[in-house]
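Try each one yourself before reading the solution.

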Amino acid sequence: PWRCGKALVIALLSLARSRSISPFLFCLAVAPCAMSWSLNVGFHQLRSVALRPAKEAIISSSPATRSMWTAWKAMYHTEGERKPLSRSASGASDIRSPLRAEKKRRAASMMPLNCQKQEASSKPAGTKQNRGIERERAKRLATDLGLDGIFPVHKPQNFTSYDVVAKIRSMISRHLRSLQPELTRKGAEIKVGHGGTLDPMATGVLVIGVGSGTRKMDFFTKGRKAYEAVGRFGFFTDTGDAEGTQIGEVHPWEDLTDEKLIKVLDSYIGDILQRPPMYSAVKIQGVRAYELARKGVEVEMKPRPVRVHSIKLMRPFAETAPDFHIYVDCGGGTYIRSLISDIALDLGTAAHMTKLVRTHQGRFQLEDCLTLDDMTPDKIVASITKSNELL
């Protein structure tokens, strides 16, 4: 094309000398030709200069990167004679084909290594795919048996919420494998989750979701709950409960009365800002707060809004001192340990929690719960059926 432009320029010059064309039209006609020629020449010169530092850096790197540089050089033909672009199967020019060829070559060179790894592995090829098929079969079997939904469990003391979930998942898995022995242990596992964490020392209602019931757990996590708690005046602990280590000295509490307690308790009804305890499941930049606390990392826990629907003193303080028994009806995210510590601070003393029982979660009560000791798959099915009628 630039040769045709050169011929056009010569023709225009001859016309200009013979004064058959005006100078303005001459400049208007020559400008595009001159611009295209300068861009064509200048681009190839500048491209070579711009890529030279990158070339030197790439060549000094790994062999795999150097082979990739060879493909890039073939694509941009920065050195030597210009190479024609390759053609794809459809006949159109494909500028990415050198890179594709290089990737295919590297993949082919890695095939023997991948085969050796597969032969050395104890797991046969397609294990993940087979496990996915098994889990689908286990899921359909569990649904046909009625093991799909939600039901309440009475969490015992010294059990974490995850311990309860793991035990129920294992029980259902063993039951499914007894009905279909060809299922593996991993393949027979179905989804099981809980609707709100309870501390290990706490007991009470823990809503469990099985199969599609796990999708409803967020409703119970953020939903309404009720607790019966016991606080003890005297000193704080690092965890906020009786399992922690004492912090500071013992503070006096002997002048406290029922009237003072009830007045402070009433001030917490409604929407309040609460600072979660350091030993809690709150995530801080993706890490659980209790994991940081166990490592000795001090992090400021930011207050967050919670709602307390009602709070009352269950027994006269004179009969239970230095302990005080309270009933709390609150929304999701409320920490009773923090609530007891805040109540003590408002009374001018210190306290920590010694007992916690969750009596309600949503519409479930303690009377509706299954216990881990006498739990069976048939009782789980019956509880799920009852829960579906209740909800």
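**Exercise 1: a serine in a helix**

Ser383 sits in helix 12, which spans residues 377-390. Keep in mind that this is a predicted model.

Task: decide whether Ser383 is buried or exposed, and list what Ser383 touches beyond four places in sequence.

Solution. Start with the relative accessible area of Ser383, which is 8%. The cut-off for buried is under 20%, so Ser383 counts as buried. Next, look for partners: leaving out residues up to four places away, Ser383 touches Ile150, Phe151, Pro152 and Leu370. Phe151 turns up again in Exercise 3, as a member of a core of 24 residues.

**Exercise 2: a histidine in a strand**

Task: find the element that holds His325, then work out whether His325 is buried or exposed.

Solution. His325 belongs to strand 11, residues 323-330. Its relative accessible area is 19%; buried means under 20%, so His325 is buried. Now the contacts: setting aside neighbours within four places, His325 meets Ala229, Val230, Lys312, Leu313, Met314, Arg315 and Thr320.

**Exercise 3: the cores**

Task: which residues have the most contacts inside the largest nonpolar core, and which element gives the most to this core?

Solution. The largest nonpolar core has 31 residues, and Phe233, Phe324 and Ile326 have the most contacts inside it. Two or more residues come from each of strand 4 (225-233), helix 8 (258-266), strand 10 (304-313), strand 11, helix 11 and strand 12 (351-361). Helix 11 gives the most, with five residues. Zoom in on Ile326: beyond four places in sequence, its contacts include Tyr227, Leu265, Ile311 and Ile340.

**Exercise 4: how covered is helix 11?**

Task: how many residues of helix 11 are buried, and what comes after the helix?

Solution. Helix 11 covers residues 336-346, and eight of its eleven residues are buried. Those are Ile336, Arg337, Ser338, Leu339, Ile340, Ser341, Ile343 and Ala344. After helix 11 comes Gly348, with a positive phi near 80 degrees.

Conventions
Residues are numbered from 1 along each chain as its sequence is written. This is a predicted model: local features need pLDDT of at least 70, side-chain atom pairs count only at pLDDT 80 or more; totals for chains, interfaces and linings use all residues. Side-chain values use heavy atoms; hydrogens and water are left out. Buried means under 20% relative accessible area, exposed over 50%, partly exposed in between (1.4 Å probe, protein chains only). Helices (H or I, at least four residues) and strands (E, at least two) are DSSP runs, numbered from the N terminus. Contact means heavy atoms within 4.5 Å. A nonpolar core is a set of buried Ala, Val, Leu, Ile, Met, Phe, Trp, Tyr and Cys residues joined through side-chain atoms within 4.5 Å.
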